[in-house]
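Hi everyone, thanks for making time for this.

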Amino acid sequence: MAEGTYAALTPDGSSIKKLIKLQQNLRLSNPLPSGELHMTVMFSRKTVEEANDFPTIINIQATGENLKILDGRKPAIVLLLDSPEAGVLFKHFMQLGATHDYDEFMPHITLSYDYTPADALRMLQYELEPGLKIRFNEFSTNDLDLEKYQ
């Protein structure tokens with residue numbers, strides 16, 4: 001049974017290669033597989049049927065801003081992104097009645113869950129390529145399965 005709606009943006013092939021290179025440069029112990037790299041734009045505990053009407057082919061740009069540890073449902077090393085377009089998409093879903101568990105929308109791509117202290121240290125010492133461009137070309141929605149995120 002659906003417990004809400006989940007929506008994400010998938011990076012294009014060129015961006016996936018950049019993200020894999022970043023994971024490798026960081027020497028992450030548990031890098032997220034390339035097929036799982038994405039930006040969540042909605043994690044709503046309320047179903048938002050209108051999200052299913054969005055086109056699946058999309059062109060949204062983002063710029064890598066910083067690396068950070070997020071202590072959410074699962075602690076993770078993430079690439080924070082600047083993406084006004086993703087912010088507009090998020091706000092639109094909120095206007096349609098979506099819920100959000102956090103104080104603000106923080107566009108990011110998770111690079112690794114279950115990181116080690118050595119991973120965290122390498123992340124803190126790493127100099128991110130200035131102006132790292134990430135392009136998203138696919139939008140997808142799914143029913144929210146909260147058990148998956150426990």
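Before we start, a cut-off: a residue counts as buried when its relative accessible area is under 20%. Keep in mind, too, that this is a predicted model.

So where does Ser15 sit? You'll find Ser15 in helix 1, which covers residues 13-26. Its relative accessible area is 2%, so Ser15 is buried. What does the side chain of Ser15 have beside it? A polar atom of that side chain lies 2.8 Å from the backbone nitrogen of Arg135. If we set aside neighbours within four places in sequence, Ser15 is in contact with Lys133, Ile134 and Arg135.

That takes us to strand 6, residues 133-143, which pairs with strand 1 in the antiparallel sense over seven bridges.

Now let's step back. The open sheet has six strands in the order 2-1-6-3-4-5, with antiparallel pairing. Strand 2 and strand 5 are the edges, each pairing on one side only. From one strand to the next, the twist averages 40°.

Is strand 2 mostly covered or mostly open, then? Covered: five of its six residues, 39-44, are buried. Helix 2, residues 84-95, lies across strands 1, 2, 3, 4 and 6, and runs at about 10° to strand 2. Helix 3, residues 117-125, lies across strands 3 and 4, at about 115° to strand 3.

Thanks, everyone. Happy to take questions!

Notes: Residues are numbered from 1 along each chain as its sequence is written. This is a predicted model: local features need pLDDT of at least 70, side-chain atom pairs count only at pLDDT 80 or more; totals for chains, interfaces and linings use all residues. Side-chain values use heavy atoms; hydrogens and water are left out. Helices (H or I, at least four residues) and strands (E, at least two) are DSSP runs, numbered from the N terminus. Buried means under 20% relative accessible area, exposed over 50%, partly exposed in between (1.4 Å probe, protein chains only). A polar contact is a pair of N or O atoms within 3.5 Å; within protein, one must be able to donate a hydrogen and the other to accept it, and residues adjacent in sequence count only if both atoms are side-chain atoms. Contact means heavy atoms within 4.5 Å. Two strands pair if DSSP finds at least two bridges between them. Axes are lines fitted to C-alpha atoms, for helices over the stretch in contact, and angles run from 0 to 180 degrees between N-to-C directions.
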